[in-house]
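Hello,

Here is the structure I said I would pass on. My notes follow below it.

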Amino acid sequence: MGMITAVSPSAASDEELLAKHAAGDREALEVLFQRYRGVAYRVAYRLLGQEADALDAVQNGFVKALTHLSAFQGRSSFKTWLLRVISNAALDMGRQRGRREIRSLDGLAPGDPDSPLTFHDPTLRLEQADLRQLIREALFSLSEVQRQTFILHADGELSYREVADALDISVGTVMSRLFYARQKLRAYLAQRIDL
Amino acid sequence: MSGDSENTLWGHPGQRPPIELLAAFLDGELSTDDRQLVQDWLSGHPEEAELVHAHRSLLRFWRETAAPEPSEKVWREVLAQIGSCGALKIVDRNAHVRLSTVDSRSSRPTRSRWIRTGILALAAAAAVLLAVFGPRKEQPPLPDEHPLGRELTLLAPDDVDLVSMEMKDTKLLVVGKSPLEEPIELLAKEDVTLHNFNKDIAPMIIGPIGASPSKDQGSK
């Protein structure tokens with residue numbers, strides 16, 4: 001009697017899951033979602049700074065990524081495609097908030113360079129929420145393309161090649177953007193906390 | 001990253017490595033040979049080594065401040081929304097009317113946008129319903145066999161708030177006497193998904209609007 005082997009959905013490749021999803025397999029969508037929801041959320045959260053907005057971006061991004069798979073055409077990995085869509089969706093949401101967001105950031109106490117705060121000193125340790133707010137300010141000191149490039153690499157865990165594919169830029173441009181993004185972030189944060 | 005591009009980026013190992021190479025060094029994206037070249041160069045240039053160290057500290061700080069993961073319950077809600085969004089898009093294409101879904105995260109901005117869109121569609125429908133079913137002095141009394149025995153008002157004008165409306169949808173609004181004398185069908189019942197409704201609200205009628213309900217309908 002021959003042995004029958006079945007591939008568990010969680011072990012299936014992205015391509016196999018996408019094909020199953022296209023055929024109406026609900027479980028395939030769940031596996032894809034579980035596989036990438038965390039990294040998608042981290043990217044969206046860094047770009048938007050709020051849980052609710054980040055969840056919206058993840059939700060919209062998954063829907064767009066899955067309904068526009070024809071545009072994906074397997075040029076890169078599904079993860080790269082998904083994070084491209086989600087980061088663009090998050091940036092769009094950020095632009096819609098626009099000036100209101102910038103105005104609110106202007107009045108934040110943690111970003112006041114006159115009151116430096118120490119991160120590693122337990123007695124002066126910032127609350128995580130304050131730290132995240134400070135990081136948001138630092139991110140807004142970057143240009144949009146620097147911000148997106150840095151976050152796709154640092155939080156999206158994409159390689160240089162994958163970031164280049166996601167943004168349709170060269171690997172050299174990715175490296176350059178990453179270096180200057182870190183320079184700016186470092187300069188901004190070092191004035192306010194001990195890194 | 002392969003080593004081919006590094007060779008062109010740093011053709012003279014005696015000079016300062018290009019910044020791109022330093023970034024790649026930090027991220028472990030250099031080939032073994034290029035990594036060793038950068039390492040050797042940094043050992044003789046402490047100020048550059050300090051810069052690399054500072055960037056490394058930033059990356060560590062970045063990982064330490066990663067966003068906390070949402071709960072499994074929240075993820076299930078998001079997944080459910082992703083599924084229902086696909087269904088809504090089909091409704092969108094067929095009916096040209098976007099309906100909102102009930103969402104426990106309804107305070108979120110995008111949810112609000114959807115809800116506004118849903119309210120818009122419902123408000124437009126309600127306006128037409130008012131025009132058709134609302135009080136009209138010149139209209140003849142309902143026949144005796146009308147199952148409800150009276151005119152049915154689903155919503156009063158004060159119950160409807162238009163948050164926003166696209167210009168193309170304004171033609172659906174009716175103010176004053178209805179210009180419509182014929183039955184009108186805004187939505188087919190398969191276009192509507194009813195997730196929840198308030199029992200205190202008057203009974204809903206799914207079917208051709210403006211047509212006299214049959215006795216069967218009234219008895220339900």
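How much area is buried between chain B and chain A, and what share of it do carbon and sulfur atoms give? The buried area (accessible area, 1.4 Å probe, that two parts lose on being put together, summed over both) is about 4100 Å², and carbon and sulfur atoms give 69% of it. B:Phe61, B:Trp62 and B:Trp75 supply 18% of the area that chain B buries against chain A, more than any other three residues. In terms of contact (heavy atoms within 4.5 Å), 43 residues of chain B touch 51 residues of chain A.

This is a predicted model, in which local features need pLDDT of at least 70 and side-chain atom pairs count only at pLDDT 80 or more, while totals for chains, interfaces and linings use all residues. Residues are numbered from 1 along each chain as its sequence is written, chains are lettered from A and ligands numbered from 1 in the order in which they are written, and side-chain values use heavy atoms, with hydrogens and water left out.

The mean pLDDT (the predictor's confidence in each residue, from 0 to 100) of chain A is 82, and 79% of its residues score at least 70. Over residues 105-124 of chain A the pLDDT is below 50.

In chain A, the axes (lines fitted to C-alpha atoms over the stretch in contact, with angles from 0 to 180 degrees between N-to-C directions) of helix H2 (residues 26-48) and H7(A) come within 9 Å and cross at roughly 150 degrees. H2(A) and H7(A) are therefore roughly antiparallel (over 145 degrees). Helices here are DSSP runs (H or I, at least four residues), numbered from the N terminus. A:Val43, A:Arg46 and A:Leu47 in H2(A) meet A:Arg147, A:Ile151 and A:Leu152 in H7(A).

Regards

Terms used
Helices (H or I, at least four residues) and strands (E, at least two) are DSSP runs, numbered from the N terminus. Angles under 35 degrees count as roughly parallel, over 145 as roughly antiparallel, 65 to 115 as roughly perpendicular and the rest as oblique.
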